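Here's a quick briefing to read with the structure open beside you. Take a look around first, then work through the points by topic.

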Amino acid sequence: MRLRRKKKRRKGMEEQLASYADYIFEAPDWKLSLAVIVILAVVVGAVSFPGSWKSDVFQGIMLLGVPAVLAAIVTKPVSQIFGRNMTYNRSMLIALFSLVIVCIASLIMGLYSYITNTPYNYTGLALSLSLIFALRMLILLGISVNSLPKVLIPASIQTLLGGLLLVYYARNFEVAFDLIVSSTIFVFAAVVFVKYVDYPMVKSFGVSSFDFVQDFIAHITEGSQDMEDFFEKIGESIDAPVSVVAFKRPDESVKAIIITPYVHPGPMGEIGGGNLPAVIAAAFPGNTVLVPHGTASHDFNPVTADESIKVIEAAKKALARIRYGETATKSIRKNVGDSKVLGQRFGDSVFLVSTRAPTTTDDIEFSVGFTAMAEARVAGSRYATIIDAHNCMEPLATPIEPGSRDSYNIIRAAANTSKHLLSLEADKLLVGVASSPPICTRLEGMGDLGICVAVVETQGQRTAYIVIDGNNMITGLREKIVERLPVDEAEVMTTDTHVVNTLSGVNYVGQNLDCDVLIAKIAELVDRAITDLEPVSVGMEIEIAENIRVFGSHKIAKLASTANAMVAMAGAFAAAVIVAALSLTILILTFVRF
């Protein structure tokens with residue numbers, strides 16, 4: 001029970017990390033932000049400043065609107081000199097956000113002046129300009145300039161322009177003194193905040209969290225691949241098997257290939273191995289290529305898309321070495337606990353597909369699958385391929401880790417299936433294939449490979465292998481699909497592609513598309529594959545892809561826990577820093593006057 005709770009906490013942290021994408025939004029068109037700036041400057045100026053309405057409106061435009069507009073215009077090119085990701089839409093939105101804070105301060109001071117019947121005090125305006133200096137620092141550090149010395153220049157623009165106009169308009173040196181003192185304190189507070197919040201990431205991974213945030217935003221909004229540089233810094237190298245099962249026609253042409261890489265197609269979008277299944281399939285043009293999910297978790301995410309080349313090269317070597325035979329056994333299914341393994345022997349090697357549906361399951365750790373493969377070889381199989389069907393999921397479902405009861409169930413089910421398959425008689429086989437492009441968009445849960453189907457017939461039995469390019473399936477959908485198919489045995493698999501997970505870690509097949517349409521399409525493809533049945537020879541080979549740069553052992557969990565801890569402590573610490581800085585500023589300005 002303790003182990004299960006630990007795994008749920010780990011998965012929860014990773015889901016929470018993915019959920020931070022929900023806070024990323026596209027800045028509105030700069031013209032809209034500009035219009036709001038002008039309206040705010042006019043309205044707040046007329047309401048908060050003393051005097052006639054004409055002079056109040058003019059004062060509002062000069063002290064509130066002009067600094068915001070000029071800052072928005074200048075911030076973009078200045079930020080691009082020292083950083084990236086800055087657009088006029090974002091620059092104008094930041095200026096508007098800063099103006100809102102200044103307007104609130106102006107309204108408070110105007111209300112205080114009205115209630116107490118005292119002259120309007122521009123000190124409050126100076127304090128708000130100092131506060132937005134610090135806030136602009138934090139915003140620009142997160143989205144554009146990851147350098148404390150460099151960020152001071154673009155961050156200070158609105159405060160500097162507003163301060164100059166304020167001092168000129170008020171013609172009071174004390175206001176300038178107040179602005180300088182308060183700005184110094186607030187900037188120092190911002191530096192302390194940044195160092196404190198950034199420390200866990202720097203300590204754990206040796207890189208700044210602001211690099212990660214900037215790369216994340218750039219990927220979400222612009223499709224940038226710069227996150228790969230971050231992941232490469234924290235990654236490590238591994239060797240991973242790549243299994244290839246190929247079916248060849250009598251004329252020696254390849255009819256279909258099943259390629260199972262034992263790396264994970266993540267972490268998200270086009271980053272790293274996020275689109276690995278489609279990339280692998282594209283490397284074998286002219287063939288029907290099925291790329292099911294091997295037993296691997298996020299620890300085995302390739303850090304860059306270039307790492308896919310190593311997987312493809314290994315697959316090509318394996319394909320070139322395959323020894324073909326003309327026989328296969330019937331498929332069988334063995335259950336141990338919640339674990340079910342569908343297996344079929346091709347020649348002298350076994351092909352195994354593991355599922356726990358309708359029990360929800362996330363990834364199967366590599367070592368669990370590798371042990372299951374070893375058990376099959378101990379039983380007498382030349383090679384063994386084990387696939388994680390990845391076909392039943394709900395949020396916070398747990399991965400299968402070594403030592404858990406579920407891991408032993410999978411290993412025993414694979415061993416039992418292999419032993420039984422090796423005792424069965426084999427006969428000639430027929431294979432038919434069919435495929436369909438995606439029937440929905442990535443946002444609706446389907447990747448670029450769409451749906452691929454292979455039907456194997458031998459000794460009067462037909463077995464359908466269906467692979468959907470998606471990241472897991474909603475509970476119960478797999479059973480509905482299997483019930484609809486005109487075959488003796490079937491298994492529905494997903495590739496676990498993370499190209500469908502740009503904005504969220506939760507986007508399962510069937511969650512955002514019409515399940516009836518999907519079921520009908522798969523039934524149609526199975527019918528087409530049955531029509532396509534023809535004699536083939538078959539073979540299996542495994543090649544090791546060497547020196548693949550991946551996240552590494554438990555790195556994704558460590559990254560998630562670090563990010564979650566930073567977010568958890570940032571809010572309270574930010575409030576404390578603001579209160580402390582404001583208190584110190586008021587204290588100094590109260591006792592140190594000219």
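Of the 594 residues in this protein, 57% are buried. Keep in mind that you're looking at a predicted model. Along the principal axes, the C-alpha atoms fill a box of roughly 100 × 40 × 40 Å.

**The big picture**

- If you go through the secondary structure, you'll find 17 helices and 16 strands.
- Take the contacts between residues at least 6 apart in sequence: 79% of them join residues at least 24 apart.
- The protein exposes about 24000 Å², and 61% of that comes from carbon and sulfur atoms.
- On the charge side, there are 51 positive and 57 negative side chains. The centres of those two sets lie 4 Å apart.

**Salt bridges**

- Side chains of opposite charge can pair when their charged atoms come close.
- How many salt bridges are there? The count comes to 21.
- One of them joins Arg249 and Glu534, with N and O 3.1 Å apart. Arg249 sits in the loop between β1 (236–248) and β2 (254–261) while Glu534 belongs to strand β16 (residues 534–550), so this pair ties together parts that are 285 residues apart in sequence.
- Buried would mean under 20%.
- Glu307 pairs up with Lys310, and their closest N and O atoms are 2.9 Å apart. Glu307 counts as buried at 8% relative accessibility, while Lys310 is partly exposed at 26%.
- Salt bridges can also join up into a network: Arg333, Arg478, Glu479, Glu489 and Glu491 are linked that way.

**Ser144**

- Where is Ser144? Look in the loop between α5 (123–143) and α6 (148–155).
- Ser144 has a relative accessibility of 2%, so it counts as buried.
- A polar atom of the Ser144 side chain lies 2.7 Å from the backbone oxygen of Arg84.
- Leaving aside residues up to four places away in sequence, Ser144 touches Ser79, Gly83, Arg84, Met86 and Gln214.

**Ser208**

- Ser208 is another loop residue, found between α8 (173–205) and α9 (209–222).
- Its relative accessible area is 13%, so Ser208 is buried.
- Which side chain does the side chain of Ser208 make a polar contact with? That would be Asn146, at 3.5 Å.
- The Ser208 side chain also has a polar atom 3.1 Å from the backbone nitrogen of Phe210.
- Skipping residues up to four places away in sequence, the residues that Ser208 touches are Asn146, Asp198, Met201, Val202 and Phe230.

Notes:
Residues numbered from 1 in each chain as written. Predicted model: local features only at pLDDT ≥ 70, side-chain atom pairs only at ≥ 80, totals over all residues. Heavy atoms only, no water. Salt bridge = Lys/Arg side-chain N within 4 Å of Asp/Glu carboxyl O. Helix = DSSP H or I, 4+ residues; strand = E, 2+ residues; numbered from the N terminus. Buried < 20%, exposed > 50% of the residue type's maximum accessible area, 1.4 Å probe, protein only. Contact = heavy atoms within 4.5 Å. Areas by Shrake-Rupley, 256 points an atom, 1.4 Å probe, with all protein chains shown as cover. Lys, Arg positive; Asp, Glu negative; His and termini not counted. Charge placed at Lys NZ, Arg CZ, Asp CG, Glu CD. Polar contact = N/O pair within 3.5 Å; in protein donor to acceptor, adjacent residues only side chain to side chain.
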